[in-house]
Amino acid sequence: MRIVIAGGHGQIALRLERLLAARGDEVAGIVRKAEQADDLRAAGAEPVVLDLESASVDEVAERLRGADAAVFAAGAGPGSGAARKDTVDKAAAVLFADAAVRAGVRRFVVVSSMGADPRHQGNEIFDVYLRAKGEADAYVRSLDALDWTILRPGALTDDAGTGLVRLEAHTGRGPVPRDDVAAVLAELIDTPATNGPTLELISGSTPVSVAVKSVAGN
């Protein structure tokens, strides 16, 4: 498979790139800065330098053409202000989805956030973030041309992955290592029968492959 990842230098994306490259997939990661390219190459991914805050749909679609799947894993980051929650967490996700439709890439996986909700109340930065993610998720869900899966991990940690998770429509809050998030994403990409759900993810007691097969109805 050829897989294109938006936010290719993110902590989850770099882990995902290593997993996909190790299993023989062709991986490209979209990054904003040329100096991030070496980190992607080290992970086994092809760096694509493109700013999703200023790129056009056609420019992004050109990078997506020929891909079997697209993953939106970009984020404005914890130090960013409210404006970039809208331009990255919402607008860039919408742009990437529109570009996937234009490029004919049906399989589309979103790394969202637990609690994302377009109707979320409040004016703190994190409130704006949850609204932006919720609005982006709602937009992706509205596109019939995409076979989408939205993944909403709990509190992310840098603990070593255990390979044991809880993956359901509603899990309740809890932590999950970024390693395990990447492992679930890799499995979701490879499981077309998971098209359509919005899933929450925390650490649990079920092996990743079993958890994904379960939500796929197997």
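A: S112 sits in the loop between β5 (107-111) and α5, where helices (H or I, at least four residues) and strands (E, at least two) are DSSP runs numbered from the N terminus. This is a predicted model, in which local features need pLDDT of at least 70 and side-chain atom pairs count only at pLDDT 80 or more, while totals for chains, interfaces and linings use all residues. Residues are numbered from 1 along each chain as its sequence is written, and side-chain values use heavy atoms, with hydrogens and water left out.

S112 has a relative accessible area of 6% and is therefore buried; buried means under 20% relative accessible area, exposed over 50%, and partly exposed in between (1.4 Å probe, protein chains only). Its side chain makes a polar contact with the side chain of D137, at 2.6 Å. A polar contact is a pair of N or O atoms within 3.5 Å; within protein, one must be able to donate a hydrogen and the other to accept it, and residues adjacent in sequence count only if both atoms are side-chain atoms. With neighbours within four places in sequence left aside, S112 is in contact (heavy atoms within 4.5 Å) with K133, D137, I150, L151, R152 and P153.

The buried residues of α6 include R178, D180 and I189.
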